[in-house]
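Trainee: I have this one open on my screen and would like to go through its contacts with you. Could you take me through them step by step?

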Amino acid sequence: MSDLKLDAEALYLELKKGVQRLLTADTALVGIWSGGAWLAERLAADLGVAAGTISSAMHRDDFGSRGLAKADHTKLPFEVNGRHIVLIDDVLYTGRTTRAVINELFDFGRPANVQLVVLVDRGGRELPIEPAFSAARVTLDRAQQLRLARGEDGRFSFEVK
């Protein structure tokens, strides 16, 4: 158990400011399933931009331990070619999920650019992936997990295990 307390709603407001600075006329938000998708959905509504969801299921490098996901949550209701993409995730850790979703994104076309924004960067990278913006940086023991939760009212909170 951890004494770490993060105010997910306050961090969401910081994330919104960071994303707003990255927007162009042809930007689309792409949320990584599931926490990033929740964030992208809410950001799209708050900022009035297009949004989609992307899954890492088809490009993961850990099928042996996780197995293949049964559902593909990728839904990109816009043209990817030439688009400025802001990729959104709740928690960035090793970078492996980000790598997988970038591979998935390129299956749909070639974006003009891709920028990663995250609610929380917990360090521990195994790949050379860094966010353009993170609302918070924390240090957790490798055995701990940090997960975004969404209540029935749509408000965000964190679970630390």
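Mentor: Let us begin with a polar contact (N or O atoms within 3.5 Å, one able to donate a hydrogen and the other to accept it, with residues adjacent in sequence counted only if both atoms are side-chain atoms): the backbone nitrogen of phenylalanine 156 lies 2.6 Å from a polar atom of the side chain of glutamate 9. Keep in mind that this is a predicted model, in which local features need pLDDT of at least 70 and side-chain atom pairs count only at pLDDT 80 or more, while totals for chains, interfaces and linings use all residues. Residues are numbered from 1 along each chain as its sequence is written, and side-chain values use heavy atoms, with hydrogens and water left out.

Trainee: Is glutamate 9 buried or exposed?

Mentor: Glutamate 9 is buried, with a relative accessible area of 10%, where buried means under 20% with a 1.4 Å probe and protein chains only. Glutamate 9 lies in helix H1, a helix being a DSSP run of H or I with at least four residues and a strand a run of E with at least two, numbered from the N terminus.

Trainee: And what does glutamate 9 touch?

Mentor: Leaving aside residues up to four places away in sequence, glutamate 9 touches Arg42, Gly154, Arg155 and Phe156, contact meaning heavy atoms within 4.5 Å.

Trainee: Switching to rings, how many aromatic pairs are there?

Mentor: The structure holds one aromatic pair. The rings of tyrosine 12 and phenylalanine 156 have centres 5.9 Å apart and planes at 45°, so the pair is tilted; rings of Phe, Tyr and Trp (its six-membered ring) pair if their centres lie within 6.5 Å, and planes under 30 degrees apart count as stacked, over 60 as edge-to-face and the rest as tilted.

Trainee: What sits over the ring of tyrosine 12?

Mentor: The charged end of arginine 42 does, 4.1 Å from the ring centre, the criterion being NZ of Lys or CZ of Arg within 6 Å of the centre and within 35 degrees of the ring normal. Over the ring of tyrosine 93 sits the charged end of arginine 122, 3.8 Å from its centre.

Trainee: Last topic, strands: how do S4 and S5 pair?

Mentor: S4 and S5 pair in the parallel sense over four bridges, pairing requiring at least two DSSP bridges, and valine 120 stands opposite alanine 136 in S5.

Technical notes
Buried < 20%, exposed > 50% of the residue type's maximum accessible area, 1.4 Å probe, protein only.
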